[in-house]
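Here's a quick tour for anyone meeting this structure for the first time. Have a look at it below, then read on.

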Amino acid sequence: MPLFFSILSYGIVYLITSDIISLATNVSKLIMADAEPSFTINYANTFNPGSVEISDENTVRREEVPQAQYGELYAYVKCEDIALDCPVYFGDNTDILKLGAGQSPATYQPGFNRLIMIGAHNNTFFNCLKNIKEGHIITMETSYGTFSYKVSSTEIVDITGKTAYDYYTDYEQLLLYTCYPFDMLAHTDYRFLVHADLISGPKLVE
């Protein structure tokens, strides 16, 4: 019987200390490593301005437009008036939002006459949206040309609201969104939206 309790005691001690030993071992390996560890997730970069031919009539063949895959950096969104210059990834998971702005995969790329919905954190990449005003020009630079949008309005909406945008719109609108209030580090129940309408850009043709 004493032998049984001794084995049981050793087993309990091992279970308690195994995680601590594992942690100490991993920390030691990290300290002794020759190179700095990389915690960055690398997504594909398909942003290549000028790689698609734009005609003298400012048209692009639809079949030549690169279709962004989930996680790809495919564009930059910019606004000189508020010093916005941010990479746009197709997709909107938490890892993407650490790298830049993320586009909802339920929306379209520029040029397809549909909704383009892009979000980023309010305390990093989209913090400057607090200075945006009606009439400001936002551009989206892609591999198949630059598209310009004029800000028509801004609004603050509840996170549960579903009427501030229309996935099935039949005209091209850029919608930028971020958490509100700005500079908040914790979860918020409101979103700041920027609505902007297309005013220029290459036309996609068959």
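Which residue forms a salt bridge with R62? It's E206, with the closest N and O atoms 3.0 Å apart. A salt bridge here is a side-chain nitrogen of Lys or Arg within 4 Å of a carboxyl oxygen of Asp or Glu. Keep in mind that this is a predicted model, where local features need pLDDT of at least 70, side-chain atom pairs count only at pLDDT 80 or more, and totals for chains, interfaces and linings use all residues. Residues are numbered from 1 along each chain as its sequence is written, and side-chain values use heavy atoms, leaving out hydrogens and water.

**Overall layout**
- The chain has two helices and 10 strands, taken as DSSP runs (helices: H or I, at least four residues; strands: E, at least two) numbered from the N terminus.
- Of the 206 residues, 37% are buried, meaning under 20% relative accessible area with a 1.4 Å probe and protein chains only; exposed is over 50%, and partly exposed is in between.

**Salt bridges**
- There are five salt bridges in the structure.
- R62 sits in the loop between β1 and β2 (73-79) and E206 in the segment after β10 (203-205), so their pair ties together parts 144 residues apart in sequence.
- R62 is partly exposed at 31% relative accessibility, whereas E206 is exposed at 70%.
- K78 and E141 also meet in a salt bridge, at 3.3 Å from N to O.
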